[in-house]
Amino acid sequence: MTDITGDGSSARAGRGSGRAGRRGRRRGPGRRALLTGAVGALALGTAYSRREELEEWWWRYSGAEVPRVAGEVDHPGAEWIPASSANLRRASRPRDYSIDRVVVHMPEATYDITLRVFQDPSHRASTHYVVRAADGHVAQMARELDVAYHAGHRGYNERSVGIEHEGWADDPSYLTDAMYESSARLVAGICDRYGIPVDREHIIGHNEVPDVVRICPGPHWDWERYIEMVRAV
Ligand SMILES: [Zn+2]
């Protein structure tokens with residue numbers, strides 16, 4: 001079965017690492033709210049989300065959105081093959097959501113099919129990058145500014161960059177040196193851009209996203225080698 005199914009990111013309740021999450025933690029309920037109990041806490045929560053909505057509105061329409069150049073890519077040498085705009089959410093990362101994770105995927109499909117699926121507006125899934133097995137060629141399908149629906153978890157979509165690697169989880173023949181090397185260069189660039197530590201806490205498999213049950217990227221993915229390669233770039 002394909003792994004590149006719609007991930008329902010909009011339905012998940014995971015809290016992002018963006019501005020809203022940080023703000024909520026910084027400003028806990030005051031003494032008065034604690035004393036008034038559950039009703040007070042509920043009202044406080046409502047007030048927070050209304051303020052978030054206003055901030056989001058202001059952010060979108062105040063000119064704070066990052067200007068874009070058509071066809072521009074974040075990874076030098078990547079080929080721009082955009083996913084359907086229905087399969088991602090426009091954002092201005094890392095201004096509005098901080099990026100602190102890279103999520104590694106294996107789509108259970110060829111490179112060409114993976115591109116086609118994410119170009120299909122009915123699919124409700126996308127990724128930032130797709131790496132081809134034969135030669136390590138990189139397609140960029142969503143800007144790193146934007147939230148691609150790849151992790152099956154709203155908070156992790158907002159905080160991460162997703163990379164699909166052509167192949168099947170149970171078939172190690174797709175795990176070529178060219179693909180590992182190209183992906184390692186890609187990930188090293190992402191980590192450098194956002195100050196993400198190069199370790200297994202921050203570079204994770206799709207199967208390591210909370211509440212996700214997937215065999216992705218699968219048992220043959222050589223994490224030790226991969227992390228070493230990213231560090232060596
Ligand atoms: Zn996956």
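Is L115 buried or exposed? L115 is buried, because 23 other C-beta atoms lie within 10 Å; a residue counts as buried if 20 or more other C-beta atoms lie within 10 Å of its own, as exposed if 12 or fewer, and as partly exposed in between, with C-beta atoms placed from the backbone. The model is predicted: local features need pLDDT of at least 70 and side-chain atom pairs count only at pLDDT 80 or more, while totals for chains, interfaces and linings use all residues. Residues are numbered from 1 along each chain as its sequence is written.

**The chain as a whole**

- The protein chain contains seven helices and eight strands; helices (H or I, at least four residues) and strands (E, at least two) are DSSP runs, numbered from the N terminus.
- Of the 233 residues in the protein chain, 38% are buried.
- Among contacts in the protein chain with a separation of 6 or more, 77% are between residues 24 or more positions apart; two residues are in contact if their C-beta atoms, placed from the backbone, lie within 7 Å.

**L115 and its surroundings**

- L115 is located in helix α4.
- Not counting residues up to four places away in sequence, L115 touches I81, V130 and A139.
- L115 and Q140 are 25 residues apart along the chain, and their C-alpha atoms are separated by 9.7 Å.

**The sheet and strand β7**

- Six strands form an open sheet with mixed pairing, in the order β1-β5-β4-β7-β3-β8; two strands pair if DSSP finds at least two bridges between them.
- Strands β1 (79-80) and β8 stand at the edges with a single partner strand each, so one side of each has no neighbour in the sheet.
- Strands β3 and β7 run parallel and are joined by five bridges, and V102 stands opposite V161 in β7.
- Strands β4 and β7 also run parallel, with three bridges between them, and here V131 stands opposite H165 in β7.
- Strand β7 is largely enclosed by the rest of the structure, because six of its six residues are buried.
- In a regular strand the side chains alternate between the two faces of the sheet.
- In β7, S160, G162 and E164 point one way, while V161, I163 and H165 point the other way, and all are buried.

**Helix α6**

- Helix α6 (residues 177-194) has 18 residues, which at 1.5 Å a residue should span 26 Å; the end C-alpha atoms are 26 Å apart, so the two values agree. The expected span is 1.5 Å times one less than the number of residues in the helix.
- The buried residues of α6 are M179, Y180, S182, S183, A184, L186, V187, I190 and C191.
- Elements that cover these buried residues include β3 (101-105), β4 (129-131), β5 (138-140), β7 (160-165), β8 (203-205) and α7 (223-232).
- V187 touches V102, I203 and V230, when residues up to four places away in sequence are not counted.

**The largest nonpolar core**

- The largest nonpolar core has 42 residues, of which V102, Y129 and V187 touch the most other members. A nonpolar core is a set of buried Ala, Val, Leu, Ile, Met, Phe, Trp, Tyr and Cys residues joined through C-beta atoms within 7 Å.
- At least two residues of this core come from each of β3, α4 (111-119), β4, β5, β6 (147-148), β7 and α6.
- Helix α6 gives the most to this core, with seven residues.

**Backbone features in the loops**

- Most residues other than glycine have a negative phi, and most peptide bonds are trans.
- A cis peptide bond, with omega about 0 degrees, joins R93 and P94, and P94 is found in the loop between β2 (88-89) and β3.
- The peptide bond from C216 to P217 is cis as well, with omega near 10 degrees, and P217 lies in the loop between β8 and α7.
- E108, in the loop between β3 and α4, is a residue other than glycine with a positive phi, near 60 degrees. E108 counts as buried because it has 23 C-beta neighbours inside 10 Å.
- R124, in the loop between α4 and β4, is not a glycine but has a positive phi of about 60 degrees. R124 counts as partly exposed because it has 17 C-beta neighbours inside 10 Å.
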